[in-house]
Amino acid sequence: MQASSRLRDEPIAAGAVHLCVDMQRLYEPGTEWGMPWMPRVVPRIGEICERHAARTIFTRFIPARRPGEGQGQWRRYYRKWAAMTLEEIGPGRVDLLPELARFAPPAETVDKPVYSPWLGSDLQARLRRRGCDTLVLTGGETDMCVLATLLGAVDWGYRVILVQDALCSSSDASHDAMLALFSTRFSEQVEVASVEEV
(Lines give C-alpha, C1' and ligand atoms only; values in the text may rest on other atoms or scores of the structure.)
Protein backbone atom coordinates (compact mmCIF):
# COMPACT_ATOMS: atom_id res chain seq x y z
CA MET A 1 0.00 0.00 0.00
CA GLN A 2 1.14 3.51 -0.75
CA ALA A 3 -0.17 6.14 1.64
CA SER A 4 -0.73 9.54 0.10
CA SER A 5 2.36 11.66 0.45
CA ARG A 6 2.28 14.20 3.23
CA LEU A 7 5.63 15.96 3.21
CA ARG A 8 5.38 19.47 4.66
CA ASP A 9 6.15 22.39 2.45
CA GLU A 10 9.33 23.20 4.34
CA PRO A 11 12.90 22.07 3.79
CA ILE A 12 14.32 19.10 5.66
CA ALA A 13 16.71 20.56 8.24
CA ALA A 14 20.45 20.33 7.64
CA GLY A 15 20.79 18.47 10.94
CA ALA A 16 18.33 15.74 9.95
CA VAL A 17 19.42 12.14 10.52
CA HIS A 18 18.51 9.14 8.39
CA LEU A 19 17.62 6.43 10.93
CA CYS A 20 17.63 3.03 9.22
CA VAL A 21 15.97 0.38 11.37
CA ASP A 22 17.31 -3.19 11.59
CA MET A 23 18.33 -3.95 8.00
CA GLN A 24 20.32 -6.99 9.11
CA ARG A 25 21.12 -10.48 7.90
CA LEU A 26 18.86 -11.64 10.75
CA TYR A 27 15.85 -10.67 8.64
CA GLU A 28 16.98 -11.92 5.24
CA PRO A 29 14.44 -14.05 3.38
CA GLY A 30 14.91 -17.66 4.44
CA THR A 31 15.43 -17.02 8.15
CA GLU A 32 12.61 -17.59 10.65
CA TRP A 33 12.27 -13.81 10.92
CA GLY A 34 12.76 -13.22 7.20
CA MET A 35 11.06 -10.34 5.40
CA PRO A 36 10.34 -11.63 1.88
CA TRP A 37 10.36 -8.23 0.21
CA MET A 38 13.35 -6.82 2.06
CA PRO A 39 15.49 -7.09 -1.12
CA ARG A 40 13.09 -4.69 -2.89
CA VAL A 41 13.67 -1.86 -0.41
CA VAL A 42 17.42 -2.26 0.10
CA PRO A 43 18.33 -0.34 -3.10
CA ARG A 44 16.00 2.50 -2.07
CA ILE A 45 17.58 2.71 1.36
CA GLY A 46 20.97 2.58 -0.36
CA GLU A 47 20.04 5.67 -2.38
CA ILE A 48 19.53 7.66 0.80
CA CYS A 49 22.72 6.27 2.36
CA GLU A 50 24.70 7.06 -0.79
CA ARG A 51 23.80 10.74 -0.51
CA HIS A 52 23.86 11.04 3.28
CA ALA A 53 26.12 8.33 4.74
CA ALA A 54 27.57 10.65 7.38
CA ARG A 55 24.02 11.56 8.47
CA THR A 56 22.88 7.90 8.69
CA ILE A 57 22.52 5.83 11.85
CA PHE A 58 21.73 2.12 11.52
CA THR A 59 20.03 0.28 14.38
CA ARG A 60 20.66 -3.41 14.96
CA PHE A 61 18.43 -5.69 17.00
CA ILE A 62 20.62 -8.01 19.09
CA PRO A 63 18.77 -11.17 20.22
CA ALA A 64 19.40 -12.95 23.51
CA ARG A 65 22.42 -15.21 23.66
CA ARG A 66 20.38 -18.33 24.53
CA PRO A 67 16.73 -19.40 25.01
CA GLY A 68 15.10 -18.16 28.21
CA GLU A 69 17.34 -15.10 28.62
CA GLY A 70 15.96 -11.59 28.82
CA GLN A 71 13.85 -9.51 31.14
CA GLY A 72 10.23 -10.38 31.91
CA GLN A 73 8.28 -11.52 28.86
CA TRP A 74 11.45 -11.49 26.73
CA ARG A 75 12.37 -14.80 28.44
CA ARG A 76 9.18 -16.35 27.09
CA TYR A 77 9.80 -14.75 23.70
CA TYR A 78 13.24 -16.36 23.41
CA ARG A 79 11.91 -19.74 24.44
CA LYS A 80 9.55 -19.51 21.47
CA TRP A 81 12.25 -18.15 19.13
CA ALA A 82 15.09 -20.32 20.44
CA ALA A 83 16.35 -20.85 16.88
CA MET A 84 16.98 -17.09 16.57
CA THR A 85 19.20 -16.71 19.65
CA LEU A 86 22.86 -15.82 19.15
CA GLU A 87 24.05 -19.30 20.11
CA GLU A 88 21.94 -20.77 17.30
CA ILE A 89 22.33 -18.22 14.52
CA GLY A 90 25.92 -17.14 15.17
CA PRO A 91 27.15 -13.56 15.63
CA GLY A 92 27.38 -12.81 11.89
CA ARG A 93 23.59 -12.83 11.50
CA VAL A 94 23.27 -9.55 13.43
CA ASP A 95 25.47 -7.79 10.86
CA LEU A 96 24.00 -5.17 8.56
CA LEU A 97 23.18 -6.36 5.06
CA PRO A 98 26.38 -6.14 2.96
CA GLU A 99 24.78 -3.64 0.58
CA LEU A 100 24.33 -1.23 3.50
CA ALA A 101 27.30 -2.16 5.71
CA ARG A 102 29.61 -0.46 3.20
CA PHE A 103 28.27 2.91 4.37
CA ALA A 104 29.47 2.38 7.96
CA PRO A 105 31.62 4.30 8.61
CA PRO A 106 30.93 7.15 8.20
CA ALA A 107 27.41 5.96 9.11
CA GLU A 108 27.06 4.96 12.76
CA THR A 109 25.52 1.83 14.25
CA VAL A 110 23.42 1.59 17.43
CA ASP A 111 22.72 -1.82 18.98
CA LYS A 112 19.53 -2.46 20.94
CA PRO A 113 18.19 -5.43 22.94
CA VAL A 114 14.47 -4.67 22.33
CA TYR A 115 12.27 -3.29 19.54
CA SER A 116 12.77 0.34 20.56
CA PRO A 117 16.15 1.99 19.99
CA TRP A 118 15.28 4.50 22.72
CA LEU A 119 15.77 1.87 25.46
CA GLY A 120 19.09 0.24 26.26
CA SER A 121 21.11 2.40 23.85
CA ASP A 122 22.70 5.83 23.59
CA LEU A 123 20.69 6.89 20.51
CA GLN A 124 19.11 9.95 22.10
CA ALA A 125 22.50 11.19 23.34
CA ARG A 126 24.02 10.75 19.86
CA LEU A 127 21.18 12.67 18.24
CA ARG A 128 21.43 15.44 20.83
CA ARG A 129 25.18 15.79 20.17
CA ARG A 130 24.42 16.22 16.47
CA GLY A 131 21.77 18.87 17.14
CA CYS A 132 19.23 16.71 15.31
CA ASP A 133 15.57 17.72 15.25
CA THR A 134 14.37 15.63 12.27
CA LEU A 135 14.45 11.88 11.67
CA VAL A 136 14.03 10.25 8.26
CA LEU A 137 12.94 6.65 8.98
CA THR A 138 13.55 3.60 6.77
CA GLY A 139 13.94 -0.14 7.41
CA GLY A 140 11.89 -2.93 8.93
CA GLU A 141 9.67 -4.20 10.22
CA THR A 142 7.09 -1.48 9.67
CA ASP A 143 4.78 -2.98 12.30
CA MET A 144 7.41 -3.87 14.90
CA CYS A 145 10.75 -2.07 15.28
CA VAL A 146 9.89 0.81 12.94
CA LEU A 147 6.69 1.33 14.94
CA ALA A 148 8.62 1.35 18.24
CA THR A 149 11.21 3.74 16.76
CA LEU A 150 8.55 6.08 15.41
CA LEU A 151 6.56 6.23 18.65
CA GLY A 152 9.68 7.07 20.66
CA ALA A 153 10.69 9.74 18.14
CA VAL A 154 7.23 11.31 18.40
CA ASP A 155 7.48 11.30 22.20
CA TRP A 156 10.89 13.01 22.03
CA GLY A 157 9.39 15.69 19.76
CA TYR A 158 11.31 14.97 16.56
CA ARG A 159 9.98 15.87 13.16
CA VAL A 160 9.46 12.37 11.72
CA ILE A 161 9.52 11.63 8.00
CA LEU A 162 8.57 8.06 7.18
CA VAL A 163 9.89 6.89 3.80
CA GLN A 164 7.12 4.55 2.73
CA ASP A 165 8.89 2.93 -0.23
CA ALA A 166 11.95 2.19 1.94
CA LEU A 167 10.05 0.13 4.55
CA CYS A 168 9.35 -3.59 4.70
CA SER A 169 7.65 -6.19 6.87
CA SER A 170 6.92 -9.91 6.91
CA SER A 171 3.20 -9.09 7.02
CA ASP A 172 1.62 -7.18 4.15
CA ALA A 173 -1.61 -6.61 6.10
CA SER A 174 0.19 -5.17 9.14
CA HIS A 175 2.47 -3.04 6.95
CA ASP A 176 -0.55 -1.53 5.17
CA ALA A 177 -2.38 -0.98 8.46
CA MET A 178 0.64 0.83 9.92
CA LEU A 179 0.96 3.14 6.90
CA ALA A 180 -2.73 3.98 7.23
CA LEU A 181 -2.30 4.59 10.97
CA PHE A 182 0.78 6.77 10.54
CA SER A 183 -0.80 8.92 7.85
CA THR A 184 -4.11 9.45 9.66
CA ARG A 185 -3.86 9.16 13.45
CA PHE A 186 -0.36 10.68 13.58
CA SER A 187 -0.98 13.34 10.94
CA GLU A 188 0.47 16.15 13.08
CA GLN A 189 3.62 14.25 14.06
CA VAL A 190 4.45 12.00 11.10
CA GLU A 191 5.03 12.91 7.47
CA VAL A 192 4.89 10.18 4.85
CA ALA A 193 7.05 10.54 1.73
CA SER A 194 8.84 8.59 -0.99
CA VAL A 195 12.58 8.22 -1.48
CA GLU A 196 12.36 10.57 -4.46
CA GLU A 197 10.65 13.26 -2.40
CA VAL A 198 13.16 12.97 0.43
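Which strands does helix α6 (residues 145–156) lie across? Helix α6 lies across β1, β3, β4, β5 and β6. The legends below describe close-up views of a predicted model.

**View 1. An open sheet of 6 strands with parallel pairing.** The strand order is β3-β2-β1-β4-β5-β6. The edges belong to β3 (108–112) and β6 (190–193). Each has a single partner strand, so one side of each is left without a neighbour in the sheet. On average, neighbouring strands are turned by 25 degrees against each other, direction ignored. Strands of a sheet pair through backbone hydrogen bonds. Strand β2 (residues 56–61) is joined to β3 by 5 bridges, and the two run parallel. Find Arg-60: its bridge partner in β3 is Asp-111.

**View 2. Helices α1 and α6 lie across strands of the sheet.** Helix α1 (residues 38–52) lies across β1, β2, β4 and β5 (159–168). Helix α1 runs at about 135 degrees to β5. Helix α6 runs at about 170 degrees to β4.

**View 3. His-18 sits in strand β1 (residues 17–21).** Is His-18 buried or exposed? Its relative accessible area is 3%. Buried means under 20%, so His-18 is buried. The side chain of His-18 makes a polar contact with the side chain of Thr-138, at 2.7 Å. Beyond four places in sequence, His-18 also touches other residues, including Ile-45, Cys-49, Arg-55 and Val-136.

**View 4. Leu-135 sits in strand β4 (residues 134–140).** Leu-135 is buried, at 0% relative accessibility. Among its contacts beyond four places in sequence are Val-17, Leu-19, Trp-118, Ala-153 and Ile-161. Gly-72 is 63 residues from Leu-135 in sequence. In space, the two are 30 Å apart, C-alpha to C-alpha.

**View 5. Eight residues, Tyr-27, Trp-33, Phe-61, Trp-74, Tyr-77, Tyr-78, Trp-81 and Tyr-115, form one aromatic cluster.** The model has 13 aromatic pairs. One is Trp-33 with Trp-81: the ring centres are 5.8 Å apart and the planes stand at 70 degrees, so the pair is edge-to-face. Trp-33 lies in the loop between β1 and α1, and Trp-81 in the loop between α2 (73–80) and α3 (86–89). The pair therefore ties together parts 48 residues apart in sequence. Trp-33 is buried, with a relative accessible area of 8%.

**View 6. Trp-74 and Tyr-115 form an edge-to-face pair.** Their ring centres are 5.1 Å apart, with planes at 65 degrees. Trp-74 is in helix α2, and Tyr-115 is in the loop between β3 and α5 (123–130). The pair links distant parts of the chain, 41 residues apart. Tyr-115 is partly exposed, with a relative accessible area of 24%.

How values were computed:
Residues are numbered from 1 along each chain as its sequence is written. This is a predicted model: local features need pLDDT of at least 70, side-chain atom pairs count only at pLDDT 80 or more; totals for chains, interfaces and linings use all residues. Side-chain values use heavy atoms; hydrogens and water are left out. Helices (H or I, at least four residues) and strands (E, at least two) are DSSP runs, numbered from the N terminus. Buried means under 20% relative accessible area, exposed over 50%, partly exposed in between (1.4 Å probe, protein chains only). A polar contact is a pair of N or O atoms within 3.5 Å; within protein, one must be able to donate a hydrogen and the other to accept it, and residues adjacent in sequence count only if both atoms are side-chain atoms. Contact means heavy atoms within 4.5 Å. Two strands pair if DSSP finds at least two bridges between them. Axes are lines fitted to C-alpha atoms, for helices over the stretch in contact, and angles run from 0 to 180 degrees between N-to-C directions. Rings of Phe, Tyr and Trp (its six-membered ring) pair if their centres lie within 6.5 Å; planes under 30 degrees apart count as stacked, over 60 as edge-to-face and the rest as tilted.
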